[in-house]
Amino acid sequence: MAEDGEDAPGLAGVPEWRAVAVGADWHGQRLDRALAALVPEFSRSYLQQLIDGGAVHLNGAAARKSAARVRIGDAVRVELRPTQQSQAFVAQPMPLRIVHEDAHLRVIDKPAGLVVHPAPGNWSGTLLNGLLALDRAAAALPRAGIVHRLDKDTSGLMVVARTRACMDALVAMIARREVSRQYLALAHRRWQGPATRTVDAPIGRDPRQRLRMAVVDLARDAGKAARTDFECLAQAEAGCWLRCTLHTGRTHQIRVHAASIGHPLVADVLYGGAPAAGLARQALHAERLAFRHPITGAALALQAPLPDDLRAALAHWGLGYNP
C-alpha cells in the first residue's frame, strides 16, 4: 500500500520515537529496506521520506541517505510521524449551508471550491472534515455519511446520511435511480435544434488521456451506460444556459456528455471549455434534488439558489433565469 494509505501512531501531537536494533538478518542491507521490516506499519517509500526529513537517527546522528548500509548492532531511532491520510479524518469546523435536516439525513448546499472527500492534494478542509465537526455521530459512518459526490468546482445539493440505516438505504436508492438530480450549466456555443435533447452514450476512462473520462465504444473500451437529458433554457451568441437531468451517475457525466455534443461547459478546461463570462470554475450547479425519504417515506423536493458567480455570468451574457 502507498504511504498515503497508511495509518500511523503518534497522533496526539507529542513526537513518538521507536528504537530498534539491527540484527544479523539485516547486516549490510540498505537502511530503508531494513526499516521496512523493523517498522512494518510504514511503507518503504514513506520511510524514505522520513529519512529525508531527518526523522531517522542512526547511532545517534540523523541519517541522511536511504541507501546507507547498516551493520549488526546499529541503533536506529525512528520518529513515528503520522502520514497525511492518517490525519485526514479529523473534525474541522466550517460554515455549511444546510437546506434540510432531520434525525436521519441532511441536505447540504455545497459551495464551489469545496472538495468533498480527502484525497491526495486535499487531505484537509474537505466537506467530510466539516461534517465530522458538525456531528460527532458522523465519525461512526463510512465517509461520514457521504453517499454521492460533486466535483470540487461544482456547487449545489448533496444528501448526507446521519445513521447507518439511512446511509445503506440511500446508497441502494441511488443505485436504483430513485433519486432525481437536476443541474444547471452554462455552456459554450449557441444551441442547435430542438430545445430538449437526450444523450445516451456510455462513459469510461478516456483511452488516450487517462486523467479524464470520455464517451466510449463498449465494443473496444471499458465503460458504463450513461444518460443525460439537456434542455436549453436560454442562449446568447457566446453560449447557452442548460438544465441537465441525470438518469445515471457516472464520473463527470454532464461535463462529458455536454462536450460530446459540442457544448463544453464554460471554464471546464478538462473537457474543452474555457474561462468566459467572468467564470474561472466550471459552470455547473446541482440545483434540484428530489427523493422519497428512505426512513419516513415523506417526499422531499429541495432546491439550491443559484450562486452569485453564475448569476453574474448570466448577466454578462444578457441571459435571465427564473427558477
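1. Helices (H or I, at least four residues) and strands (E, at least two) are DSSP runs, numbered from the N terminus. Just after H6, Gly318 takes a positive phi of about 75°. The model is predicted: local features need pLDDT of at least 70, side-chain atom pairs count only at pLDDT 80 or more, and totals for chains, interfaces and linings use all residues. Residues are numbered from 1 along each chain as its sequence is written, and side-chain values use heavy atoms, with hydrogens and water left out.

2. Helix H6 spans residues 308-316, and its residues Leu310, Ala313 and Leu314 are buried (under 20% relative accessible area; exposed is over 50%, partly exposed in between; 1.4 Å probe, protein chains only). Down the axis of H6, these buried residues fall within an arc of 100°, so they line one face of the helix; the arc is that of the directions from the helix axis to the C-beta atoms. The face turned away from the buried side carries the exposed residues Asp308, Ala315 and His316.

3. A salt bridge is a side-chain nitrogen of Lys or Arg within 4 Å of a carboxyl oxygen of Asp or Glu. The structure holds 17 salt bridges. One of them joins Glu101 and Arg106 (2.5 Å, N to O).

4. Which residue does Asp135 meet in a salt bridge at 3.2 Å, N to O? The partner is Arg162. Arg162 is partly exposed, at 23% relative accessible area, whereas Asp135 counts as buried at 12%. Salt bridges with shared partners join Glu101, Arg106, Asp135 and Arg162 into one network.
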